[in-house]
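My notes follow in the order I looked.

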Amino acid sequence: MMSSSQMEPDTQYLVPGNEPARQPSTAESREDVNELPLQSNKWNRPRSNIIRYVLAALVNNKLHMALGQRGVALIAPACHLVAYIISCTHPPYPVLVVAYIFAGIANGLHEAAWNTYIGSLDNPNELLGLLHGVYGLGAVISPLVATNMITQAKVPWYYFYFFMVGLCCFIPNEMLTAGEIGISVIEAVACPAVFWRFTGAAFRESHEQSDEDSGDKAKNGLRDALFTRPAARISWLCSFVLLFYVGVEVTVGGWIVTIMMEVRHAAPFPSGMTATGFWLGITAGRVVLGFVTARLGEKLATTIYTTCAIVCSLIVWLVPNFYVSAVVVSIQGFFLGPLFPCVVAVITKLLPKHLHVAAVGFVAAFGGAGAAVLPFVAGGIAQGTGVKSLLPFVVGVSGGILLLWLGLPRQRKGGAQQ
């Protein structure tokens, strides 16, 4: 039976899960409102993604040392509320970019804090699978909510943020609410209540009990994780694994609708459903395969998952049939899903405890750059050589994930590296 402090990060991860899949649904409506070319929007969004995750990575370790998980539970929901309240006001696009920086700081703090916390518990693979499964659930729900609000309720794109903030707003012929109280409000109230006893003093004490002199080491946690062997090898390899993984995830999730319409000549609605199937596959894979990973071990299990994902991407590329592609894309998502939780589990097992927050925070930030950089590269490839060229691009990047993963040290059953 999970305690409330184990369950709370799972429910809180629903908020950042709404981020990546929501944006394509609102981009078209955003373009005419802000009177900026869509290409300009796509150029600014990656830069705001990188800025926000880097800022979170720089402060994560010091924030934990000073305020503990309680500080994250207070600051991250506040940043989400600031971002979504600004977005509700229908600001000019440059202001929206600034708002997204606040949302990204919150997401970066969440990822380091809750991945590290869950990864240090018993049965980390199963629990991390549930945590990231909720993230995938948010990525499934948000496009459906946003699309229905824009196309069915005929409301402007920025009304979606009322759903995120949790405000009730009356619009012609429609009453839109995020239940009785919204996602971000629930996050802002419940998370501090659950993690109130997880102070900075408690965090420092737990590290002192687990590692000798870790109080002094933790002050240089990020530097040690990145530039001191053998931790540096693990941190950088995991960083590039997540850079490529998140890039593949966001590229497929963002471009699959266009690929189905232009390459497989499918209608808009079934093409849109392929993206939903992909995110559902990721959600299911994270929840289900977490239990398989616990029995096979992270190294072997992730090797198998990545190989299966490469086979799926080859089928999507080489078999010119819409129905085959739609089904296989969902299966591809199923096998891609567990990669992020597996990387976090490996970091918490291979690195000493005082480096966990710094390493996970940096790796997540580096992976967040993959969500910005690789889809931007994919867009350049699609513009230059056509959308069809993205299919071999995904195969190649997936192969890079496998090669990087094989470079990680092996583990004994006790968790020590060989």
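**Largest cavity.** I sorted the lining of the largest cavity by class and got 8 nonpolar residues, 2 polar ones and no charged ones. The model is predicted, so I keep in mind that totals for linings use all residues. The lining residues are Val 252, Ile 256, Ile 259, Ser 313, Val 316, Val 329, Gln 332, Leu 390, Leu 391 and Val 394. The space in the largest cavity comes to about 90 Å³. I also counted cavities of 30 Å³ or more, and the structure holds 5.

**Val 324, on H14.** I moved to H14, which spans residues 322-336 and includes Val 324. Is Val 324 buried, exposed or partly exposed? Its relative accessible area is 31%, so I noted Val 324 as partly exposed. I looked for its contacts, leaving out residues up to four places away in sequence. Val 324 touches Ile 315 and Val 319.

**Gly 400, on H17.** Next I looked up Gly 400, which sits in helix H17, residues 390-406. Gly 400 has 16% relative accessibility. The cut-off for buried is under 20%, so Gly 400 counts as buried. I also checked its C-alpha distance to Val 241.

**Helix H5.** I wanted the span of H5, residues 124-151. This helix has 28 residues and reaches 41 Å from its first C-alpha to its last. That is close to the 40 Å expected at 1.5 Å a residue. How many of the residues of H5 are buried? I found 20 of the 28, so H5 is largely enclosed by the rest of the structure.

**Cysteines.** I finished with the cysteines. A disulfide is a covalent bond between the sulfur atoms of two cysteines. The test I used asks for a pair of cysteine sulfur atoms within 2.5 Å. By that rule I count 0 disulfides. I then checked accessibility for two cysteines. Cys 79 is at 11% relative accessibility, so I noted Cys 79 as buried. Cys 238 has a relative accessible area of 0%, and Cys 238 is buried as well.

Terms used. Residues are numbered from 1 along each chain as its sequence is written. This is a predicted model: local features need pLDDT of at least 70, side-chain atom pairs count only at pLDDT 80 or more; totals for chains, interfaces and linings use all residues. Side-chain values use heavy atoms; hydrogens and water are left out. Buried means under 20% relative accessible area, exposed over 50%, partly exposed in between (1.4 Å probe, protein chains only). Helices (H or I, at least four residues) and strands (E, at least two) are DSSP runs, numbered from the N terminus. Contact means heavy atoms within 4.5 Å. On a 1 Å grid over the protein atoms alone, a cavity is a set of points where a 1.4 Å probe fits but cannot get out, and a pocket is an open set with protein on both sides within 12 Å along at least five of seven lines; lining residues have an atom within 4 Å of a point. Grid points are joined across faces, edges and corners, and a volume is the space filled by probe spheres set on the points. Ala, Val, Leu, Ile, Met, Phe, Trp, Tyr, Cys and Pro count as nonpolar, Asp, Glu, Lys and Arg as charged, and the others, Gly among them, as polar. The expected span of a helix is 1.5 Å times one less than its number of residues.
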